[in-house]
Amino acid sequence: MSLRKFTTKTFPKIFICALLVVACCMPSFSQTFPQGATGGRTDMSGSVSSVDMPSISVDIRRPETGQEVAFSVQLLLMLTILTLAPSILILLTCFLRFTIVLDFIKRALSLQQVPPTAVLNGIAFFMTLFIMWPTLTDIYNNAYRPMADGEIGIEEAFTEAEAPLRMFMYRQMGAHTSYISLFMSIGGLERPETLADVPTYVLVPAYILNELTVAFKIGVLLYIPFIVIDMVVASILMSMGMIMLPPVQISMPFKLMLFVLVDGWGLLTQQLFNSIVR
């Protein structure tokens with residue numbers, strides 16, 4: 001009998017017999033201690049108490065009164081608002097303008113990875129928080145605090161919270177109310193006599209389009225000096241016969257030096273604030 005035949009046929013039988021022998025000897029091993037060892041026991045002391053685990057139960061039943069139905073609907077609306085909170089932060093504040101302009105300046109400098117997009121979004125977020133702090137304070141003092149104290153209901157709190165945001169959006173749009181007229185005509189609504197007559201569902205898309213337009217105008221103005229540098233570098237390289245050398249690779253250090261020498265981040269931040277806080 002060859003070694004291979006012995007291994008494939010006999011080894012499994014030997015392994016099973018060894019397992020049976022160990023299983024039979026386990027009780028004697030667990031009940032005996034080596035000579036001179038300290039005696040021990042496996043029962044727990046009476047002073048040891050069990051861990052109390054809380055019991056959680058969920059009761060689902062039909063609403064019995066109209067107030068319970070209204071409360072369920074209000075709770076659903078609150079959860080919906082919390083789910084849409086990131087979109088509200090991006091679209092109803094100046095975060096949209098900040099993040100688009102910062103992305104434009106990154107592309108104008110021909111930077112691919114520096115600064116990362118997460119860093120630019122963080123800068124835009126904290127700049128938005130700085131600008132929106134008075135508006136958020138009004139919302140907290142006039143809407144959230146009275147509702148938490150039980151002085152007003154959810155409907156009135158929503159109205160009080162909506163007013164500062166509407167005023168902020170009106171101030172940013174200024175005299176450029178063409179988008180409001182556009183959405184009013186699309187919706188078949190009558191021409192409003194005052195800004196208070198403009199519904200919120202009309203004001204929000206008009207404000208978003210206005211922010212996009214302003215951000216793109218700022219981005220175009222930021223692109224112009226850097227495009228001039230690219231054109232000068234490209235013409236110099238072409239006159240020297242270096243056609244295969246990418247102009248962006250040579251112009252990027254010059255654009256960075258220009259941006260740093262004129263304190264580009266400070267000027268950009270100041271002008272962004274001036275475009276909002278008039």
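Guide: Happy to; this is a predicted model. One term to start with: a nonpolar core is a set of buried Ala, Val, Leu, Ile, Met, Phe, Trp, Tyr and Cys residues joined through side-chain atoms within 4.5 Å.

Visitor: Okay, which residues touch the most other members of the largest nonpolar core?
Guide: Phe98 and Ile180 do, in a core of 42 residues. Helices 4, 5, 6, 7, 8 and 10 each supply at least two residues of this core.

Visitor: And which helix gives the most to this core?
Guide: Helix 4, with 9 residues.

Visitor: What does Phe98 touch, leaving out residues up to four places away in sequence?
Guide: Its contacts are Ala124, Met127, Thr128, Ile131, Leu272, Phe273 and Ile276.

Visitor: Switching to charges: how many salt bridges are there?
Guide: The count is 3. One of them joins Glu211 and Arg97, at 2.6 Å from N to O. Glu211 is in helix 8 and Arg97 in helix 4, 114 residues apart.

Visitor: Is Arg97 buried or exposed?
Guide: Arg97 is buried, with a relative accessible area of 1%, and Glu211 is buried with a value of 1%.

Visitor: What about Asp103, which residue does it form a salt bridge with?
Guide: With Arg107, where the closest N and O atoms are 2.8 Å apart. Both lie in helix 4, about one turn of the helix apart. Arg107 is exposed, at 54% relative accessibility.

Visitor: How far is Lys106 from the nearest side chain of opposite charge?
Guide: That side chain is Asp103, 5.6 Å away. Lys106 has no salt bridge because the cut-off is 4 Å, yet Lys106 is buried.

Methods
Residues numbered from 1 in each chain as written. Predicted model: local features only at pLDDT ≥ 70, side-chain atom pairs only at ≥ 80, totals over all residues. Heavy atoms only, no water. Buried < 20%, exposed > 50% of the residue type's maximum accessible area, 1.4 Å probe, protein only. Lys, Arg positive; Asp, Glu negative; His and termini not counted. Helix = DSSP H or I, 4+ residues; strand = E, 2+ residues; numbered from the N terminus. Contact = heavy atoms within 4.5 Å.
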